[in-house]
Amino acid sequence: MTLDDGLADVILHELGATADGQPATGVLPLLSHVLWATWRQRTGSRLTVAGYHVAGGISQAIATTAEQVYTTLDAAGQEATRRMLPRLVRVGEDGIDTARPVERSALLHGLPDPHAAQQAINRFTGARLLTLDRDTARISHEALLRAWPRLREWVEADRDWLHVHQQLADDAQAWERAGRDTSLLYRGNRLTAMRERSAQAPTRAVELEPALAEFMEVSWHHERRGRRRRRFAVALLAGLTVLVVIAAGLTARARDAAEQAGIARSQTEAVRLSRDLAASSTALRGTNGTLAQLLSAAAWQRSNTDEAFPAMAMSSQDPSVGLLTDDRFTEVDGLAFHPDGSRLVSKADNGTMTLWRTDTWKPTHVTQAAYGGGFSAVTFSPNGALFAANSRQGIKIWDAGAATVKVVLDQVSESTDIEFSPNGSMIATAECQKTRVWDATTGKELARFNSPAGELAFAADGTLLTGGDDGVVHRWDVATGKLMSSVTFSGKVERIWSSPDSADKTIVCAGVTCHIGPLDTKRMSRLMVGGLATVNSDGSLIAASSYDGFLNVWNTRTAKQVARFHVGDTEVIKLAFKPHGSTLAAGTSRGVQLWDLSHAQPEDQLPLPQDDTPREVKFTRGASGLISIGRKGTLQWKNPQGSGKPAEIVRAYPDHPGELIALSPDGTTVATAAPEPRLTQIDLWDRSSGKLIRTLRGHTQVIRSLAFSPDGTMLISGAGQTSATRSGPGSNALLWDTATGAIRAKLTGHTDDVWQVTFSPDGSTVATADGSGAVRLWDTRTGKLRRVLYGSGGLRGSLVFDHSGTTLMAGSDGLSVWDTRNGRHKMLATAGLEKSESYEDVSLSSDGRFALLTKGTFDALIWDLNRDRLVTEINVPGNVSDVEFASDAWIVAVANADGVKLVNVGFLQDPYAAVCRQAGRELTREEWAAYLPSVPYESFRVC
């Protein structure tokens, strides 16, 4: 037999960890059993660490074995085990219980199924938990009494009766040993009390063993001889006994009430703490997402409150990891990372300089601030030995190690940018009407170029690049002062980056576009980024904050957006990437905000190839693609999620423009409302070829809504007048046979345009909603009206059945919800929504738990229908025209003026797992003390 390396150490460690490093009393039986249990899990002849852990280790091996044996028994065997094992325990007055041998006949006495009991004994003996001698049985290891929770519970439940039984057995044995001396029999109060306690024994005690029963019977026989003399005393004793029993009952009831009150208080406290933690999590979102995630997980662990669930869902996608603040400043307008990423220097608008260690984010204050304040730029030298910052009254250069000033360039009264040369010996300054180069050690002026510049960058060959408001980037020879080349870009030059390894690799951000490649507009690729931009150290990433409250990150090699997240109203003044890492820092009006880009979820934006807005979007079968319609045609997209590739258009159908589209369940047939001048007609066409299958004619008014039945054999369409006036009784809905194009039923009686139509999940019912606020339910087999549901306001939004078909939701001014079985309004999923808001588009998740809604025209949100809570918001720029939940995947599509945005919402399946995976750690002791001060540290596991 051989042991895995380290197995002995693990066992000895667990043996010694029970009592201040010294093995606890009674560990040898534990050791014996765990070695046997590990042997049963062996691989060949090797005892493994994995087998040891499967066996349960020192602390759990016996309990694990016992529980496994117990659970394999049938119901009769388990009941027999419940009755037998407590009989093998001697309970102590001091609470210390020990194992005791019991004759097998006594062990089996009174059990309803002796065969099942014997089978249980055999199983426990085979597992080395019981030991059988010739006539007796006993528990093999007293450790089982402490290690197996189930046995402890049984003993505690029977403790009073076991005390009585032990005393009775001892007295009966003493009587037998004394030759049945009558003086040792029970008499009077003792006999009465023993009989009553025996009568109150648990049902598993049913009847006493023969020797004990005989002792009690003989005692009772002798007692009856003196009954007449003691009748009065017995009656009095009985009365007193009743009082004692009543008092005991009242005491027990009071104890139970106290316990229940304690449990209620604990539950109330857990709910309160859960809600407080959820509120704290919400307050931290956007500044410290990691802590927000941990607090939301802690809230869920304390109590599964309605507040904890959305707190987890909302924080799970937050890439923020901290906000660096200091009492000496508020607004930070300059940032630079040390080339090795170990430190960050920040500069505040009041001239304060701070060095931060990036492993702990602890600050070191730079004692000498630049006079006059007004910093606008800060940078490290390429080797990290120096850092520099400018102000209105000059430029200071610090020794990065000592944080002391080495050089002051007080000749520079006003500058917008500063850059060190590749070897760190020179520093260039961009000034109002000129650019100058200085010796970084002595402060001597080395070169001057009489060309205004706002942005600078040294190229790998030592030349200097300058750019200004006129959009021209110049390349200068520093040694000769000669202009080597000029390139003109459209818009003000906002950022210049040049590779430290190649003079041909340059990034110039001008206006809203970054140009990438050799410094030549004809050879440079373009990437539209929007607002304030920065480039990482190797030029592979560009980050830019936009004016719509988003921060975007692109891969410059693939031109694919790798991260996009909402920063809300946070004013981003300066951005900086940490070298060799995923951290992005921003100088803001509140301090230095940090994000971890590895936590940011990339979003797939399906851009429009033409100036058109998708009016409706539908997922194809399997969520592998999408199809959208606009006024310039229909587009079919390939879903790029998870592929790492940019979104692409699979096919364009310019012959099928419009505003309404429906896709058959199998994804093969498309229905679109025909364009002008055929506004009253519907085209059915093949998705793979784009060829027209047939045109449906029957409406006399403009098509307003379309929907396929769940099996694809029917199509429902609604229509109304083109004018703004009410269309009157002529507005109708038609039920079509998709195979023949025939009208199966005319659904008439609407008093306004039929804006929305939908089928129930089983296809037996179709719902139509008109602008008057009425929803009609129709039988699809007969075409007859079943019920009319009345809502509030015109129902022009989506009409959606839940997956059971018993609930119907309609988007309108507010969200109307009905029980289709009785026509009554239901408040489910509406209590927390703003009643005055418009929720025109509604789509349900595949499991029916969540609703994707448009709020007004600018926001999309996901609502938890069970908890009636907002669980997450999807921020998109511009007007939202449609939203769609994939029917078989956790993906949502949001259509707006820029195209179609795809968002993975898989975190909704298990937000707790999502936040723990994202956080990747537990709460620190300091965080625990701050947010859970009344709870002992690590008394429960957060993740």
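Reader: Which residue stands opposite Lys347 in E11?

Author: Strands are DSSP runs of E with at least two residues, helices are runs of H or I with at least four, and both are numbered from the N terminus. Two strands pair if DSSP finds at least two bridges between them. Here Lys347 faces Met353 in E11. Strand E10 (residues 343–348) and strand E11 (residues 353–357) are joined by 5 bridges and run antiparallel. This is a predicted model, in which local features need pLDDT of at least 70 and side-chain atom pairs count only at pLDDT 80 or more, while totals for chains, interfaces and linings use all residues. Residues are numbered from 1 along each chain as its sequence is written, and side-chain values use heavy atoms, with hydrogens and water left out.

Reader: In what order do the strands of this open sheet lie?

Author: The order is E9-E10-E11-E12, with antiparallel pairing. Strand E9 (332–337) and strand E12 (363–365) each have a single partner strand, so one side of each lacks a neighbour in the sheet.

Reader: Which strands does E58 pair with?

Author: Strand E57 (residues 842–844) is joined to E58 by 3 bridges, and strand E59 (residues 859–864) is joined to E58 by 6 bridges. Both pairings are antiparallel. Leu844 has Ala851 in E58 as its bridge partner, and Leu853 has Leu861 in E59. E57 and E58 make a hairpin with 5 residues between them, and Gly848 in the turn has a positive phi of about 75 degrees.

Reader: How many residues of E58 are buried?

Author: Buried means under 20% relative accessible area, exposed over 50%, and partly exposed in between, with a 1.4 Å probe and protein chains only. In strand E58 (residues 850–855), 5 of the 6 residues are buried.

Reader: What span should helix H13 have?

Author: The expected span of a helix is 1.5 Å times one less than its number of residues. For the 14 residues of H13 (residues 289–302) this gives 20 Å, and the end C-alpha atoms are 20 Å apart, which agrees. H13 is mostly covered, with 12 of its 14 residues buried, including Leu291, Leu294 and Trp300.

Reader: Is Thr330 buried or exposed?

Author: Thr330 is exposed, at 53% relative accessible area. Thr330 lies in the loop between strand E8 (320–324) and E9.

Reader: Which residues does Thr330 touch?

Author: Contact means heavy atoms within 4.5 Å. Not counting residues up to four places away in sequence, Thr330 touches Thr588, Ser589, Arg590 and Gly591. Thr330 and Gly591 are 261 residues apart in sequence, but their C-alpha atoms are 5.5 Å apart in space.
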